[in-house]
Protein chains: 2
Amino acid sequence: MSTSVAQQPSPQLFFQTINAHMRTEALKAAIELEVFTAIGEGNTTAAEIAKRCQTSEKGMRVLCDYLTIMEMLTKKDGHYALTLDSSVFLDKRSPAYLGGATEFLCSPMLTDGSKHMTEAVRKGGTAMEDEGTIGPDHPIWVKFARGMAPMMAMPAQLLAKLVDPTADRKVKILDIAAGHGLYGINFATNNPQAEITALDWKAVLEVAKENAQKAGVSDRYRTIEGSAFDVDFGAGYDLVLLTNFLHHFDQPTGETLLRKVHAALADGGHAVTLEFVPNEDRVTPPDSAGFSMMMLTGTPSGDAYTFAELERMFANAGFSRSTLHALPPTFQQVVISEK
Amino acid sequence: MSTSVAQQPSPQLFFQTINAHMRTEALKAAIELEVFTAIGEGNTTAAEIAKRCQTSEKGMRVLCDYLTIMEMLTKKDGHYALTLDSSVFLDKRSPAYLGGATEFLCSPMLTDGSKHMTEAVRKGGTAMEDEGTIGPDHPIWVKFARGMAPMMAMPAQLLAKLVDPTADRKVKILDIAAGHGLYGINFATNNPQAEITALDWKAVLEVAKENAQKAGVSDRYRTIEGSAFDVDFGAGYDLVLLTNFLHHFDQPTGETLLRKVHAALADGGHAVTLEFVPNEDRVTPPDSAGFSMMMLTGTPSGDAYTFAELERMFANAGFSRSTLHALPPTFQQVVISEK
């Protein structure tokens, strides 16, 4: 939706923002009703889509118009069509279908945090009980592992290619907080000599093991059950993967973990961190910078860290050098830190 | 927030939309904590604003960064500043302060509707019990009358100037569903010979009468309590105001009301309708077109009507001619229909 005209005050942005929650609901409703899939199948008028999705025609017309305003559909002469993004990510028949991610992203565990945002701002951390999402063995992470895997398939491929481009040597990898396991698994499919050890809560590892089996790399896939802060990592790793993990904790806690990572690496080994990394201004780029709000409302003391902050955390933990790498077209970044 | 790069699929818009509800929560939190007011008073760093608003510094930093990403603040070298819109509409000390509108716009009565959007799409109308917001004497309209008045002050002034520019003749006005009363009241302040009859639920009229008194027009301000569909309007009106009312009903119901309006007008009198009027494509302009979703989820059969639809409703009710007028800088439009 557009913003206000320069130099003339307008309540438009206020109005749009107060109602922004409706955009979330519209996307959820469209996924639930399989609207994108219906359009992908060739239903293009409100009447046709409504029939396929078993809704009223009026309701479907209003929803499809709203999705068009949200730039998730296009409309011409009364016919709706998918955008490139919608056809790739929201049509159930697409291998990159993300609809399942709503199971995680829209779960009360995640959204309840933002419902208590005022209190979280007062406290400086989540207003939810029991440490928010980072409590031990929290069942949300099984939802994460199942729902977010399609969203992670592309970055996981890109990360393996970035870090192990030649893929011609034996490489021993520890995948911390592996979740769906896709990051480690993609190193294994990228390089037949890669051996992965995945660490996460027991129930989550069941999902990772399923995915390793599907990828045909089970014979090079081990697991360690438990908290990254408590269990023995083993030693001699060439790479330790920290994908979307450090943001859950404050910097001293992160450093404690990184010291343990440092000790588990072989000489010349690398920690590979995938993160939402805001610029120093902390307001750009918008998706990475805005992620700090999710950590404020959902964790006791997590944050989206700048590269300078990450660099210092790794240096304090004994790493010699950290470098920052983009991972286009994703908006996340990779920090590679040398032991 | 930005949208995806052309020709390269990106899950960015999906991710932003699934989290769009956080924008609503951030604006609500900032209003509740008086962040905009604090900045207007001269507090510009996260530490200063946090102190003034009695929050943690970290929480305030994350909130202000998020508001900056939302384009409701600016940030430079660690100092936050209000935008033009924020200073006019979100600083409590501003006469146009809109913070109170959240009492209405964020009330469960309005937001619960959109939480059941899937069911509303299936049914073609609100999934809430008891007709949603249009049930008899619904208390939401007192919140509306109190909370939305500041947002309506400007359009109400503009409407009186548009419809009665010379303001030099006696004019008898019926203000249907008057709410805060500001539309009728502004005709009275614009023209000393204007006489207003305001119609609404009894509790709502108390707010309108307060506002008429504040504006010094009580001696020309009468009221009729009850439903516009049931009560006797009287007759001989030069103008009947229908501001943000027709969108709550289906077209036959609207026409029934318009016949009653037609009968209450003097010969040559006009109905004056202020509405969200989408273009024929129903997806532009975004704010007016998107309003249809609020009616789908909040009312049994309301909608945002195109000018062609409104024109036909008025014609069917006996009006000779309807014309469409913009009301800049608002995004609403005015339909003037002649008896």
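Predicted model: local features only at pLDDT ≥ 70, side-chain atom pairs only at ≥ 80, totals over all residues.
Q: What makes Asp303(B) and Arg61(A) a salt bridge?
A: Their side chains meet at 2.6 Å, N to O. The cut-off is 4 Å between a side-chain nitrogen of Lys or Arg and a carboxyl oxygen of Asp or Glu, so the pair qualifies. The count between chain A and chain B is two salt bridges, alongside 32 residue pairs in polar contact, both residues at pLDDT 80 or more.

Q: Which element gives the largest share of the side of chain A that touches chain B?
A: That is α2(A), with 12 residues. By class, this side of chain A has 41 nonpolar, 26 polar and 17 charged residues.

Q: How do you know how much area chain A and chain B bury between them?
A: Buried area is what two parts lose in accessible area on being put together, summed over both. Here that comes to about 7600 Å², 70% of it on carbon and sulfur atoms. Of the area that chain A buries against chain B, Phe14(A), Phe15(A) and Ile18(A) supply 9%, more than any other three residues. The contact takes 84 residues from each of chain A and chain B.

Q: What makes Val35(B) stand out in the largest nonpolar core?
A: Val35(B) is among the residues with the most contacts inside this core of 179 residues, together with Val35(A), Leu63(A) and Leu63(B). Beyond its neighbours within four places in sequence, Val35(B) touches residues including Ile49(B), Met60(B), Leu63(B) and Leu67(B).

How values were computed:
Residues numbered from 1 in each chain as written. Chains lettered and ligands numbered in written order. Heavy atoms only, no water. Core = buried A, V, L, I, M, F, W, Y, C linked by side-chain atoms within 4.5 Å. Buried < 20%, exposed > 50% of the residue type's maximum accessible area, 1.4 Å probe, protein only. Contact = heavy atoms within 4.5 Å. Buried area = accessible area lost by both parts, 1.4 Å probe. Polar contact = N/O pair within 3.5 Å; in protein donor to acceptor, adjacent residues only side chain to side chain. Helix = DSSP H or I, 4+ residues; strand = E, 2+ residues; numbered from the N terminus. Nonpolar A, V, L, I, M, F, W, Y, C, P; charged D, E, K, R; others polar.
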